Amino acid sequence: MDLTIVIPLFNEEESLPELGAWIEKVMLANGYTYEVILVDDGSTDASWTVIETLNTKNPCFKGIKFQRNYGKSAALNEGFKAAQGDVVITMDADMQDSPDEIPELRNMIIEGGFDMVSGWKKKRYDNTFSKNIPSKLFNAAARKSSGIKLHDFNCGLKAYRLKLVKSIEVYGEMHRYIPVLAKWAGFRKIGEKVVEHRPRKYGVTKFGWERFINGFLDLGSIMFVGKFGKRPMHFFGLWGTLAFMAGLSIFIYLTVSKFFFDQTGMTQRPLFFFAILAMIIGTQLFLAGFIGELIARNSPERNNYLIETRKGL
Ligand SMILES: Nc1nc2c(ncn2[C@@H]2O[C@H](COP(=O)(O)OP(=O)(O)OP(=O)(O)O)[C@@H](O)[C@H]2O)c(=O)[nH]1
Ligand SMILES: [Mg+2]
């Protein structure tokens, strides 16, 4: 199969028929063998009925319906599990992403050798102030901490090599950081393509301002987990040692100056409290490190390597 198109959606009944027809047109024009996996994330409108109708008319349109709303990441993850095409495309259901971009995205994977290509909504049709500025900030932070040179991490329109989507797990709100997940999984060739962004025609936006705060929190976690998830002691142990050593040195200095240089009582000096605090924090960090190690060692993921090729085995 040439293509799998995964579309996570939540309450998009008006957009779906038009989107379906448009995708069908593009697929036909390019002669692709394809499937469209529509993941209905507990919609409360008629989205599922529309998906069933699409499937009756064209069995290439398939659907998954969640019992309740689990979030975009969960929907993408489920779509990725079911995907079969050599190239997997994700796109939004609200028709802000154009299916006309699909052939070019696919070519960049198949001929351009990219593992993943992310869309870049260079010209956006959103409320400029409330969205564009936080989004620029967010992307700059993601670029800086991940080292991936993308302008638009959170663009819904992306293309992946099948192997990539089978080797990552998208959970929580991590759909914003799939490029980072891909990089951690060892897929280095991550490209970018300027894509057309269209104004929302039907329905309403599903994400509010909390997305930005959550987005930054998730960026912090993903960078931490990616770097120290399998060796938490290297983080906590380092800072624990530094804090403890700093406290201990001050403590020794205070003791020496009291007994050998006859300074006033140790406990009257502010440094004393700093020394105690630093040693307590240091010990706490160490304990956090040990607990982290216990968790990491019990994790079923601990030896989840991705093997590229084998020889003689
Ligand atoms: N599976 C799933 N999909 C969702 C959820 N919320 C939004 N989506 C889908 O994610 C896509 C993007 O959501 P939008 O609300 O359009 O977000 P946006 O494009 O950043 O915002 P607008 O520019 O205002 O449309 C759409 O296809 C939504 O249907 C959700 O909770 N679960
Ligand atoms: Mg949208």
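# Domains, core and ligand shell of a predicted model

Q: What distance separates the centres of domain 1 and domain 2?
A: The model is predicted, so local features need pLDDT of at least 70 and side-chain atom pairs count only at pLDDT 80 or more, while totals for chains, interfaces and linings use all residues. Residues are numbered from 1 along each chain as its sequence is written, with chains lettered from A and ligands numbered from 1 in the order in which they are written. Domain 1 covers 3-228 and domain 2 covers 233-298, with bounds from an automatic or database domain assignment. Taken over C-alpha atoms, their centres are separated by 47 Å.

Q: Why is the protein chain described as more spread out than a compact globule?
A: The protein chain has 10 helices and 7 strands (DSSP runs numbered from the N terminus, H or I of at least four residues for helices, E of at least two for strands). For 313 residues the globule rule gives 20 Å (2.2 Å times the number of residues to the power 0.38, with the radius of gyration taken over C-alpha atoms). The chain is more spread out because its radius of gyration is well over that value, at 25 Å.

Q: What percentage of the residues in the protein chain is buried?
A: A residue is buried if 20 or more other C-beta atoms, placed from the backbone, lie within 10 Å of its own, exposed if 12 or fewer, and partly exposed in between. Of the 313 residues, the buried share is 35%.

Q: Which residues does Ile5 touch, not counting residues up to four places away in sequence?
A: Ile5 is among the residues that touch the most other members of the largest nonpolar core, which has 58 residues. Such a core is a set of buried Ala, Val, Leu, Ile, Met, Phe, Trp, Tyr and Cys residues joined through C-beta atoms within 7 Å. Contact likewise requires C-beta atoms, placed from the backbone, within 7 Å. By that criterion the partners of Ile5 are Ile23, Tyr34, Val36, Ile89 and Met91.

Q: How many residues are in the core that lies apart from the largest one?
A: Phe236, Ala243, Ala278 and Leu285 are among the members of this other core. Its total is 5 residues.

Q: Which residues come nearest to ligand 1?
A: The shell has 20 residues, counted when the C-beta atom, placed from the backbone, lies within 6 Å of the ligand. The residues that come nearest are Pro8, Asp41, Ala75, Thr205 and Lys206.

Q: Which elements are included in what covers the buried residues of H3?
A: Lys72, Ser73, Ala75, Leu76, Asn77, Gly79 and Phe80 are the buried residues of H3. Their cover includes S1, strand S2 (34-40), strand S4 (87-90) and helix H6 (162-166).

Q: Why does Asn11 count as buried?
A: Asn11 lies in the loop between S1 and helix H1 (15-30). Its phi is positive, near 50°, in a residue other than glycine. Asn11 counts as buried because its C-beta neighbours inside 10 Å number 20.

Q: What is the C-alpha to C-alpha distance between Gly289 and Leu76?
A: Gly289 is found in helix H10 (residues 270-298). It is buried, with 22 other C-beta atoms within 10 Å. Gly289 and Leu76 are 213 residues apart in sequence, and their distance in space is 33 Å.

Note on methods: Two residues are in contact if their C-beta atoms, placed from the backbone, lie within 7 Å.
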